[in-house]
Structures are given as C-alpha cells and as structure tokens.
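Morning, everyone. Let me walk you through one model. Please have the sequence and the structure open.

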Amino acid sequence: MLTILNGLRDLSFWAILVRMLVAVLCGTLIGLERSSKNRPAGFRTHILVCLGAAVASITGLYLYLGLELPADISRISGQVVTGLGFIGAGTIIITKKMTIKGLTTAAGLWTTGVIGLAIGSGYYELGVLGTALVLITETGLNRISGTIQPRPEFIVEVLYDERNALDQVLRYCKDNRMSIVNLQIQSMPPEHEADYAANIKLRGKLASQTLVSRIQLMRGIVSAMEI
Amino acid sequence: MIPALDFLREFRCATVILRLVLAVICGGVVGYGRSQKARAAGFRTYILISIGAAMAVLLTLYEYRMLNTLWADTVSRVGMKFDASRLASQVLTGIGFLGAGIIIKVAHQQVSGLTTATGLFATVCMGLACGAGFYELVLITLLLIVVVLNVMAPLEILFKRRLRNITLNVEFTELADVQAITEVIQAQAARIYDIDVERTERSGNKWPSAIFILQLSKENHSHSGMLSAVAELNCVRSVQELIA
C-alpha cells in the first residue's frame, strides 16, 4: 500500500469527494469501452454501478468509523456483490437460436461493482489496478479471443433407404474418433427419393466436408450434406 | 502450505499485483479451453469474474489492515466488528445468480448451460484463493478445473453412449400408433419405464409426439439400433434421442 495516499483513506469531506470522482472516472473508462461496442450496458450504467458501490462501501465505513456503531464494515459491501449478481443475470439474454448473449457485459458489470467497492473503501491502488486489468481484458484480449477457433459441432443430414447404411455411417464416425452428440431419424414421405433422413450431430477432428464426401461414397446412401 | 511461498503471502503492493495477475492468468486458462468449444462464456468472461473475486478478498485484507493501523482508534473504542470472510461469501451468492441466468431450458426435459454456470462458479472460487494468496490451492484447483472441463467432456459423451437408460422423443401420425411403437421397443427386449405423450393432435407441421424413457437390454444396447428400429415403423415421422 502506498503511504502517500493514507491522507485520503479517512472519511473527511475531501477524501470522500476524491473517492466519488475516482469511482466515476473508473466507471467511465470501463463503460466507454463497452459503449464503443454498442453493448446494452453503456457508460452511464457502468458509472452508476461503480458510484453506487462506492457510496455503499463509504456508508458501511461511516457506520463504524463515523457513528462508531458496532457494525461490520463489510456487510453492506457484501450485499452489493450479491445485488449486482441479480442485475447481471438480468442482462443475459437468450436468443431465439437458444444461445446466450450479454454474459461478458454481466461479468464486466459485476467486476466494475467490486472496483467501486475498493475505491469507496479508500483502496485506490486496487481500484485503479482492477480498472486497468479489466480494460486490458476487454480490449487487448478481445483480439486473442477472436483468434480462438472453436472446434464446432455440425449436423450432417444423411438420406438412406436401408438401416445397414446408417450403421455403416455411424461406425465410420466412431472409427474416426468423431463423437456423436445427437442423432435424429425421420421417415420420409413415400414420393421422396429416400426412405429415411438421419440428422447426425457430430464433433471431432474430421472436417465436415471430408466426412460428407466419404459418406456420399458409401453403399445405400442416397445423399449426404451438411446443414 | 509451502513455507518458501510465505513472503508472497504478505500484504504488500507487489504481492497484490502478483495475485491480480495470477487471477487473470488462471481465469484465462480456464476460459481459453471453454472458448474452444464455442460456449456462451468466453475467455473474457472468465477473466473478468476471476479478477472481481480476487479483488473482493484483497479488499477484505485491506480493510483488516486499516482496522489495525489508521482506524485503530475506533477499534479501541467500539471494539473489533469485522468478519473477514463476509465479502468472499457474498461473491459466491452473486455468481450463483449470474449462473442462474445462463441456464436455459432448450427443449422438453433438457437444459443447457449447466456446465458453463458451474465452471464460472469454480473459477470464482479459484479467484478468491488467488486474492487470499493461497497459491498452492490455486494451482491445484486450476489443474483440476482444466482436467474436468476438457478431458472429462469426451469421457462423459462416451459414458452416456454406453448407458442403457435412454430417452426418446418420437413423432408419429396418430395417437393410436403409441401401441405399435411400444411393441417395437419391447421386441428389442427393452423395458419401458415411462411414456409421456406431448401432443395428441396434428397442428400445422407438428405431429403428435411422445417421450419414451426406457432401458435397453444388456445384450443389445446400441442406441442407434433402437432409433433405427423405431424409425422403420411406417407411422413414425421422426425419432430423436434426448441427451441430458
């Protein structure tokens, strides 16, 4: 801890003013980055969270240090952390495709709250350091995050007439260490070119194109394609 | 605890920086593995959560230090009223709520996001240990989380493929077909535990459907074999295995 800052760690008027301003500044920095990506929680949201957390933690300190009540100084701060968990849960959206959006925003908002608590308690070093790390994570690591190529699950639709044909396909997948995540078999109407259609959801080392072209060559397979 | 690391357990500027950086690295390692699977919580989510958790513990350490130095006057008058584990415990509750937001019901009897939510929870616990400077625990936990999330996933799929208890979602032409389907399943020497009829009438492009919970026979427990057998019935429109 830096001893120079000790003068600003009490509850004097100037110390509190400095804390509020630092909280607003840190909230703004994190929020601006989020706003620039047009995320739901913009810089006003982040400022309010950071400022609110700081006020809560100063109040907690005031009960004990100012009013000298027998209160635990971290109780109010603790509830802020829980409360922000609720707000975070509310920012998470489930899209129509059943995927999750807004999780990074929720996590960032929650961490901003903890930064606000640190600043409110007068632990400026931690608050500023935390802000710097969050900004590095959001901007710098975003690039790394973009280069991560997930090994995706894909669905191959196989049209076939006989049951043996499907068994053959599944055996081929297993032999090539592809894991079958799910399987759906559908009967086709009589006028259709094939009797059955199987949707096989797969994940593994083989690329979908290679797998599809191999399946197409098998006996009893009418057609195979990736969906 | 390793005594050689004790100098890193002191509460100084340098160790605070070390712990926060450690939290970033550990969160990043867990997040990197998860991002490769195209899951909801990416790289950054894990890092942010890990930083927040470490900060909460560091904040507690700071408050305790202050109570023993600058605020010692008040302590001598009012008495020490401080619970060092309070902030850390609320972190767990908070992340519990965040996790609840990720879990979604994707279809009948199926939820998604459970592993992501629990992974975030475990990462937060690791972040708390980072902040407290319990480095040994951090390293062991990191290793275990990475093993569980990355190595165990294929094992789990393998395990589920071998299970004899399966759940099938079958779409058919009309309600009376349930009888025929039941017979086909029993012909494969499987036991039916439960039949749950979902829709009894055709509406739009949706067919009547039912969920069959059954146990395959010991001799013949190929999941795809059962699916194919059911699909061969003329009345069956589609059959799908539901995997929890």
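**Helix packing, chain shape and contacts**

Start with a helix pair. α2(A) and α3(A) pack at about 155°, and their axes are 7 Å apart. A word of caution before going on: this is a predicted model. Back to the pair. α2(A) and α3(A) are therefore roughly antiparallel to each other; the cut-off for that label is an angle over 145 degrees. The crossing of α2(A) past α3(A) is right-handed.

Which residues make the contact? On α2(A), they are A:V49, A:A53, A:A56, A:S57, A:T59 and A:G60. On α3(A), they are A:R75, A:I76, A:S77, A:V80 and A:L84. Sort the contact of α2(A) with α3(A) by class and you get six nonpolar, four polar and one charged.

Now step back one helix. Helix α1 of chain A covers residues 13-36, and helix α2 of chain A covers residues 43-66. These two pack at an angle of about 150°, with the axes 7 Å apart. That angle makes α1(A) roughly antiparallel to α2(A). In the contact of α1(A) with α2(A), the classes are 14 nonpolar, six polar and three charged residues. Handedness here: α1(A) passes α2(A) in a right-handed crossing.

Between α2 and α3 of chain A there is a loop, and A:E68 sits in that loop. As background, most residues other than glycine have a negative phi. A:E68 is not a glycine, yet has a positive phi of about 55°. Buried or partly exposed? A:E68 counts as partly exposed, because there are 13 C-beta neighbours inside 10 Å.

Chain B gives us another positive phi. B:A189 is not a glycine either, and its phi is about 65°. Where is B:A189? In chain B, in the loop between α7 (177-187) and β4 (191-199). B:A189 is partly exposed, with 13 other C-beta atoms within 10 Å.

Chain A holds seven helices and six strands. From the N terminus, the order in chain A is α-α-α-β-β-α-α-β-α-β-β-α-β. How spread out is chain A? Its radius of gyration is 28 Å, whereas the globule rule gives 17 Å for 227 residues. The value is well over the rule, so chain A is more spread out than a compact globule. The C-alpha trace of chain A spans about 85 × 30 × 30 Å along its principal axes. As for burial, 39% of the 227 residues of chain A count as buried. Sequence separation is next: take contacts in chain A between residues at least 6 apart, and 62% of them join residues at least 24 apart.

Reading from the N terminus, chain B runs α-α-α-α-β-β-α-α-β-α-β-β-α-β. The radius of gyration of chain B is 27 Å, well over the 18 Å from the globule rule for 244 residues, so chain B too is more spread out than a compact globule. Principal-axis spans for the C-alpha trace of chain B are about 85 × 35 × 25 Å. Of the 244 residues in chain B, 41% are buried. Among contacts in chain B between residues at least 6 apart in sequence, the share joining residues at least 24 apart is 67%.

How do the two chains meet? 70 residues of chain A are in contact with 69 residues of chain B. On the chain A side, at least two residues each come from α2, α3 (75-91), α4 (103-120), α5 (124-147), α6 (163-175) and β4 (179-187). Which element supplies the largest share of that side? That is α5(A), with twelve residues. By class, the side of chain A that touches chain B divides into 38 nonpolar, 22 polar and ten charged residues.

Last stop, one strand residue. A:A198 is in strand β5 of chain A, residues 196-203. Buried or exposed? A:A198 is buried, because 24 other C-beta atoms lie within 10 Å. Leaving aside residues up to four places away in sequence, A:A198 touches A:V158, A:L166, A:L183, A:Q184 and A:I185. Also look at A:A224. A:A198 and A:A224 are 26 residues apart in sequence, and their C-alpha atoms are 9.5 Å apart in space.

That's my tour. Over to you.

Terms used:
Residues numbered from 1 in each chain as written. Chains lettered and ligands numbered in written order. Predicted model: local features only at pLDDT ≥ 70, side-chain atom pairs only at ≥ 80, totals over all residues. Axes fitted to C-alpha atoms, helices over the stretch in contact; angles between N-to-C directions. Helix = DSSP H or I, 4+ residues; strand = E, 2+ residues; numbered from the N terminus. Parallel < 35°, antiparallel > 145°, perpendicular 65-115°, else oblique. Left-handed = near helix turned anticlockwise from the far one by under 90°. Nonpolar A, V, L, I, M, F, W, Y, C, P; charged D, E, K, R; others polar. Rg over C-alpha atoms; globule rule 2.2 N^0.38 Å. Buried ≥ 20, exposed ≤ 12 C-beta atoms within 10 Å, placed from the backbone. Contact = placed C-beta atoms within 7 Å.
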